[in-house]
Amino acid sequence: MLASRLGFRTATRSLHVRPRFQAQAQAHTKRLSGHQLRQFADRSPYSQRNGQQQWSRIGPVRNAQYLWRYHRTAVLSVGGAGVVFYVYNLEEVPITHRRRFNIYSPETEKAQAGGPQAYNMILDQFRGKVLPGDHPTTAMVARVVERLLPSTGGLAGDEWRVHVIDDPEQKNAFVLPGGKVFVFTGILPICQTEAGIAAVLGHEIAHNVAHHAAERLSSRLPLAAASIIIQLVFQTDAFLSDSAVNLLLDLPHSRTQEAEADHIGLLLMAEACYDPREAVAFWTRMKKAEKYEPPQFLSTHPTHYNRSESLKQWMPEALRKYEDSGCEATGRSFRDFVGTMGKQLPAP
């Protein structure tokens, strides 16, 4: 028991059953009816009617009973202070209005997760693979970023630099807090078009808009508290409790952030006049490109299929924003202009 390991005296010491009583109980138990057995239990030293404290035979429940009976003041004080601190630091995520716990400012988030140290570490890791700024691929990615940024309303950062890493095996892209963009060439064939790139970068920029890095840094406190509670109640070591917290709390929280970034990114690309339906097409291609995908409950991200289905649910909202931005009329005018010019120009 936890109390014994901590060196505390517990109520179990008063539950010692005298040998004489134990022998009598074993001799007569078989002859007792259900009603008589309940009456017999009421007269036993375990009964609360005799002033004894009852303890559960289930280990975790018994540990919780011990904490409550002998450390109630500490449990109420620490627990109450924790709840007040948590509620005080709740805020709404921009655009989606999800309530979340966050104790870091955008400046602290940038310093912790996107500062010079993190930025230079990535550049050193991929030294020799970063394409020059005047490379056509880098220019194309930068063009997409410049078109997406006005849709963020200044929420995504102010120090934007675009880097394309020449690594065909990496199907990935990310944006550091503050605005450092990294795109691997391996994802570009799946994107196919600038709209496909906008689907990817809209998602990554959305992480900055929602300040997900600050939220993840803040989540260390409640996750650590949950791990300690599991250790105390279930008498496990730190590895098992951390694994349980990761599976039950941290991974679902990560998937929530990823889904939210999909939602915000879809709206960003729609407002920037990129057809939001290209996002669904991109994730369909991504699903075909990746041969293996872990089960969702073991992953930090939703499955590609679930992402596509969620995007379809948000599509009416994105298409309304696409139309409200005048993108549909602009697209039709451009196609009409191209068609007219095609009729006027002679064939080569």
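Predicted model: local features only at pLDDT ≥ 70, side-chain atom pairs only at ≥ 80, totals over all residues.
**Starting point.** For my notes, a cavity is a set of grid points where a 1.4 Å probe fits but cannot get out.

**Overall count.** I looked up the secondary structure and got 16 helices and five strands. The protein has 348 residues, and 36% of them count as buried. I then checked contacts between residues at least 6 apart in sequence, and 64% of these join residues at least 24 apart.

**Cavities.** How many cavities of 30 Å³ or more does a search of the whole structure find? I got two. The largest cavity has a volume of about 50 Å³. I wrote down its lining: Ala199, His203, Asp262, Gly265, Leu266, Met269, Ala279, Trp283 and Leu311. Helices H10, H13 and H14 each supply at least two residues of that lining. H13 gives the most, with four residues. By type, I have six nonpolar, two polar and one charged.

**Largest pocket.** Next I went to the open spaces. The largest pocket comes out at about 900 Å³. I see 35 residues lining this pocket, and the closest to its centre are Asn172, Ala173, Glu204, Glu258 and His301. Which elements each supply at least two residues of this lining? I noted strand S4 (173-176), H10, helix H11 (212-218), H13, helix H14 (277-289) and helix H15 (304-324). H10 provides the largest share, six residues. The lining of the largest pocket divides into 16 nonpolar, twelve polar and seven charged residues.

**Second largest pocket.** I found about 730 Å³ of space in the second largest pocket. Its lining has 28 residues, and Pro222, Leu223, Ala225, Ala226 and Ile229 lie nearest the centre. Two or more lining residues come from each of helix H4 (59-70), helix H5 (72-88), strand S2 (99-101), H11, helix H12 (220-234) and H13. The largest share here is from H12, with eight residues. I sorted this lining too, and it holds 17 nonpolar, six polar and five charged residues.

**Helix H10.** H10 turned up in the linings of the largest cavity and the largest pocket, so I looked at the helix itself. H10 has 16 residues and reaches 21 Å from first C-alpha to last, close to the 22 Å expected at 1.5 Å a residue. Is H10 mostly covered or mostly open? It is mostly covered, with 15 of its 16 residues buried.

**Two positive phi values.** Most residues other than glycine have a negative phi. With that in mind, I picked out two histidines. Just after H10, His211 takes a positive phi of about 55°. His211 sits in the loop between H10 and H11. I count His211 as buried because its relative accessible area is 17%, and buried means under 20%. My other histidine is His97, with a positive phi of about 65°. His97 lies in the loop between strand S1 (90-92) and S2. Is His97 buried or exposed? At 52% relative accessibility, His97 counts as exposed, since the cut-off for exposed is over 50%.

**Helix H8.** Last, I turned to H8, residues 136-148. H8 has 13 residues and spans 19 Å from its first C-alpha to its last, close to the 18 Å expected at 1.5 Å a residue. I listed its buried residues as Thr137, Thr138, Val141, Ala142, Val144, Val145 and Leu148. The buried residues pack against strand S3 (157-165), strand S5 (178-184), helix H9 (188-191), helix H10 (194-209) and helix H13 (238-271).

Met140 counts as partly exposed because its relative accessibility is 24%. Leaving out residues up to four places away in sequence, Met140 touches Glu194 and Ile197. I noted that Met140 and Glu194 are 54 residues apart in sequence and 7.6 Å apart in space, C-alpha to C-alpha.

Note on methods:
Residues numbered from 1 in each chain as written. Heavy atoms only, no water. Expected span 1.5 Å × (residues − 1). Buried < 20%, exposed > 50% of the residue type's maximum accessible area, 1.4 Å probe, protein only. Contact = heavy atoms within 4.5 Å. 1 Å grid on protein atoms, 1.4 Å probe; cavity = no way out; pocket = protein on both sides within 12 Å on 5 of 7 lines; lining within 4 Å. Points joined across faces, edges and corners; volume = space filled by probe spheres on them. Nonpolar A, V, L, I, M, F, W, Y, C, P; charged D, E, K, R; others polar.
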